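Please read them next to the sequence and the coordinates.

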Amino acid sequence: MTDMLQNFKKSILVSIWFVFLTFPLMVVRVNTMNQVVVWRWTNLVWVAIASFVLSYLWRYMLARQQVRKKVADEGGETRSKTQLLLEDMSFRYKAMGIILLAALVFPLVFDTYQSTIMISALIYVVLGLGLNITVGLAGLLDLGYVAFFGVGAYSYALLNHHFDLGFWISLPIGGFLGCLFGVLLGFPILRLRGDYLAIVTLGFGMIFKVVMENWDSLSFGPSGIANIDKPGFFGMDLNLANSTIYIYYIMIGMVIFTILVTMRLRNSRIGRAWIAMREDEIACVAMGIDIARTKLSAYALGAFWAGMVGVLFASKTTFINPASFTFMESAIILSIVVLGGMGSILGVIIGAFFLILLPEYMRAFSEYRMLAFGAAMVLMMIFRPQGIISNLRQTYEYKGSKEKINND
Amino acid sequence: MEYFLELFFGGLTRGSIYALIALGYTMVYGIIQLINFAHGEIYMIGAFVALIVAGVCTIYGLSGVSILILAGIIAVIYASAYGYTLEKIAYRPLRGAPRLSPLISAIGMSIFLQNYVLLAQTSDFLPFPRLIPDFAFMEPVAHIIGSPELVILVTTFITMILLTLLIKKTRVGKAMRATQQDMNMARLVGINVDRIISLTFVIGSALAAIGGVLVASYIGQVNFYIGFLAGVKAFTAAVLGGIGSIPGAVLGGLVLGWAESFAAGYISSAYEDVFTFGLLVVILILRPAGILGKASKQKV
């Protein structure tokens with residue numbers, strides 16, 4: 001009984017606090033031009049009710065998390081049923097088959113609009129997987145990742161504009177240029193660590209945008225480059241619907257290619273070097289790993305995908321300008337990696353779909369979607385910090401009988 | 001020479017604002033190693049609250065400096081309250097989580113606060129009333145340094161002295177320094193670490209709000225998006241000076257302000273931001289821990 005009373009009192013206090021906090025911004029609206037003040041008192045009532053209810057929910061969720069943590073500390077099973085199911089290989093293959101089939105028939109079933117949305121989600125899947133190499137595997141925080149995406153997009157746009165180069169030739173060129181810029185960025189910051197790295201990469205992203213906005217003779221400034229060719233299909237002229245479907249299939253191919261390569265990379269020599277570097281740089285050096293090369297390769301291989309998918313982005317929208325490559329995009333890509341679960345490929349894919357499709361289908365509430373997006377990021381970090389799919393590291397178990405050891 | 005002096009004082013004004021905001025970053029970072037991405041938003045909220053208070057006061061017939069002071073005080077109170085709540089909701093539950101989690105939470109909070117102000121107020125640029133009068137005694141030098149610049153310089157100077165006194169001389173300041181050095185040890189000697197962290201957020205937010213009010217009345221307009229660039233610049237200043245170091249934040253802010261002002265004045269104003277970050281990269285290559293930062297020793 002006292003418990004209930006206490007909870008009630010807490011929620012009332014929270015409610016009063018939020019009423020105080022939101023009072024000037026939610027209630028008063030001044031128009032200094034016409035000398036009018038609008039008082040919107042009803043907003044305050046909503047704030048009071050919402051914060052009262054949410055504070056109950058908040059405490060309930062925190063308590064639940066405590067319980068789960070306790071179970072984990074005592075060595076209990078904390079993996080959920082879905083997680084166990086995902087580890088089952090035969091289930092995995094079946095699920096992958098179904099998803100692949102669904103992905104292949106998707107544009108045939110749904111209309112062009114749906115396919116376009118799906119293409120942008122797939123673009124973010126590739127971006128997420130690329131950044132996953134830098135952040136998830138190598139542990140190098142990159143807040144300017146969108147610059148590489150921009151490099152790819154601009155390289156195709158410019159090559160197409162000036163030299164009439166086609167999509168398929170530009171695709172590897174874009175990837176390669178992305179790579180080159182990755183190394184270029186990597187060099188000066190080899191010695192930096194942690195948050196210094198974060199701010200320099202962020203600065204790099206901003207520099208890219210500012211240069212593209214102002215170097216008119218190269219990039220045509222803020223007005224951007226229009227009329228970029230869509231990918232050609234053996235010289236055929238495709239109408240809008242067909243070319244969307246075509247781009248969709250290219251994108252599916254690219255996602256599969258990215259997944260295969262990143263999966264193989266993770267278990268390769270260089271992939272293991274990245275993980276080792278992420279875990280402990282000093283120990284990593286002591287094991288004879290060349291840190292400079294490992295870091296540069298992490299940036300280069302991460303940037304490669306962004307450059308390549310940038311080419312596709314430019315050919316999909318047929319118009320690019322610097323406004324597409326803001327810090328917000330970098331933040332969204334980083335959130336995809338972190339929300340999905342760092343280092344986990346499946347997680348990144350789910351994260352990308354979640355973060356891109358949700359706002360897309362919430363257009364009805366378009367005013368509130370960015371608000372919800374920000375709140376979701378915070379809540380996700382608090383209640384599920386390991387991401388949607390937590391990355392399981394390979395563990396090795398001794399399977400032989402113990403007696404044999406004793407006999408030796 | 002006059003042009004040089006104009007740029008010099010322009011840079012000084014700008015730099016002192018960067019320094020004010022950078023202090024909030026550096027203090028928070030010094031204690032919990034978190035880049036508080038939402039700090040720029042606190043600055044923006046400070047400016048907005050000041051605008052609202054100033055607007056209401058003007059319409060109800062108050063005038064001049066009294067409004068500025070009233071708006072400033074209320075803005076500081078509100079910004080501190082927001083900073084306190086921010087820490088409690090978005091960062092405290094993440095204490096002890098992996099490094100990236102609070103960072104993402106901070107980015108999320110920044111997006112949230114921006115859109116909250118956007119929805120609650122407006123997406124337009126709102127005109128901020130000119131509250132700083134032109135002083136008569138500034139007349140002879142007005143072409144080099146105007147009255148608003150003087151007010152900004154004096155205010156930031158006083159604020160920084162007060163902050164230094166607080167940290168160096170008081171009991172609370174001592175507790176803050178102890179927490180910064182070693183959080184566990186501080187807890188062992190009986191310091192309420194949670195309260196100190198809250199206090200750090202409150203002080204940092206108050207400084208940001210002062211900066212917000214000054215800038216808003218100087219530039220004359222406010223928008224929900226002003227916090228982002230100011231935040232990034234101020235964070236750059238903090239890193240430039242060596243993050244975690246309070247004199248470093250001030251120095252970094254000033255260096256950044258001058259660099260921008262001179263680059264814009266003598267070379268090209270369009271590439272101002274390029275110079276900012278270019279400078280950052282160059283300094284970090286030469287001194288990876290910032291100008292005044294101590295190179296952290298690695299123990300094996």
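1. H1(B) and H9(B) are roughly perpendicular to each other (angles under 35 degrees count as roughly parallel, over 145 as roughly antiparallel, 65 to 115 as roughly perpendicular and the rest as oblique). Their axes cross at roughly 75° and come within 8 Å; axes are lines fitted to C-alpha atoms, for helices over the stretch in contact, and angles run from 0 to 180 degrees between N-to-C directions. Helices (H or I, at least four residues) and strands (E, at least two) are DSSP runs, numbered from the N terminus. From H1(B), the contact is made by Tyr18(B), Ala19(B), Ile21(B), Ala22(B), Tyr25(B) and Thr26(B), and from H9(B) by Ala230(B), Lys233(B), Ala234(B), Phe235(B), Ala237(B) and Ala238(B). Two residues are in contact if their C-beta atoms, placed from the backbone, lie within 7 Å. By class, this contact has ten nonpolar, one polar and one charged residues; Ala, Val, Leu, Ile, Met, Phe, Trp, Tyr, Cys and Pro count as nonpolar, Asp, Glu, Lys and Arg as charged, and the others, Gly among them, as polar.

2. On the source: this is a predicted model, in which local features need pLDDT of at least 70 and side-chain atom pairs count only at pLDDT 80 or more, while totals for chains, interfaces and linings use all residues. Residues are numbered from 1 along each chain as its sequence is written, and chains are lettered from A and ligands numbered from 1 in the order in which they are written.

3. Leaving aside neighbours within four places in sequence, Ala249(B) is in contact with Ala19(B), Ala22(B), Leu23(B), Thr26(B), Ala237(B), Ala238(B) and Gly241(B). Ala249(B) is buried, because 35 other C-beta atoms lie within 10 Å (buried means 20 or more other C-beta atoms within 10 Å of a residue's own, exposed 12 or fewer, and partly exposed in between, with C-beta atoms placed from the backbone). Gly293(B) is 44 residues from Ala249(B) in sequence and 9.9 Å from it in space, C-alpha to C-alpha.

4. Which residues touch the most other members of the largest nonpolar core? They are Ala47(B) and Ala75(B), in a core of 201 residues. A nonpolar core is a set of buried Ala, Val, Leu, Ile, Met, Phe, Trp, Tyr and Cys residues joined through C-beta atoms within 7 Å. Not counting residues up to four places away in sequence, Ala75(B) touches Gly46(B), Val49(B), Ala50(B), Val53(B), Ala209(B), Gly212(B) and Val213(B).

5. At the interface, 41 residues of chain A are in contact with 51 residues of chain B. On the chain B side, two or more residues come from each of H2, helix H3 (65–91), helix H4 (100–120), helix H9 (226–241) and helix H11 (272–286). H4(B) gives the largest share, 14 residues. By class, this side has 40 nonpolar, ten polar and one charged residues.

6. Chain A has 17 helices and two strands, and 38% of its 408 residues count as buried. Chain A is divided into domain 1 (2–73) and domain 2 (85–383), with bounds that come from an automatic or database domain assignment. The centres of these domains, taken over C-alpha atoms, are separated by 37 Å. Arg64(A), in helix H2 (residues 41–73) of chain A, counts as exposed because it has 11 C-beta neighbours inside 10 Å. Arg64(A) and Phe383(A) are 319 residues apart in sequence but 9.5 Å apart in space, C-alpha to C-alpha.

7. Helix H5 (residues 112–137) of chain A packs against H14(A) at an angle of about 75°, with axes 8 Å apart. H5(A) is therefore roughly perpendicular to H14(A). By class, the contact has eight nonpolar, four polar and no charged residues.

8. Thr318(A) has a positive phi, near 55°, and lies in the loop between helix H13 (291–317) and helix H14 (327–340) of chain A. Gln33(B) has a positive phi of about 50°, and its place is in the loop between helix H1 (2–32) and helix H2 (39–59) of chain B. Most residues other than glycine have a negative phi. Thr318(A) is partly exposed, with 15 other C-beta atoms within 10 Å, and Gln33(B) is partly exposed, with 13.
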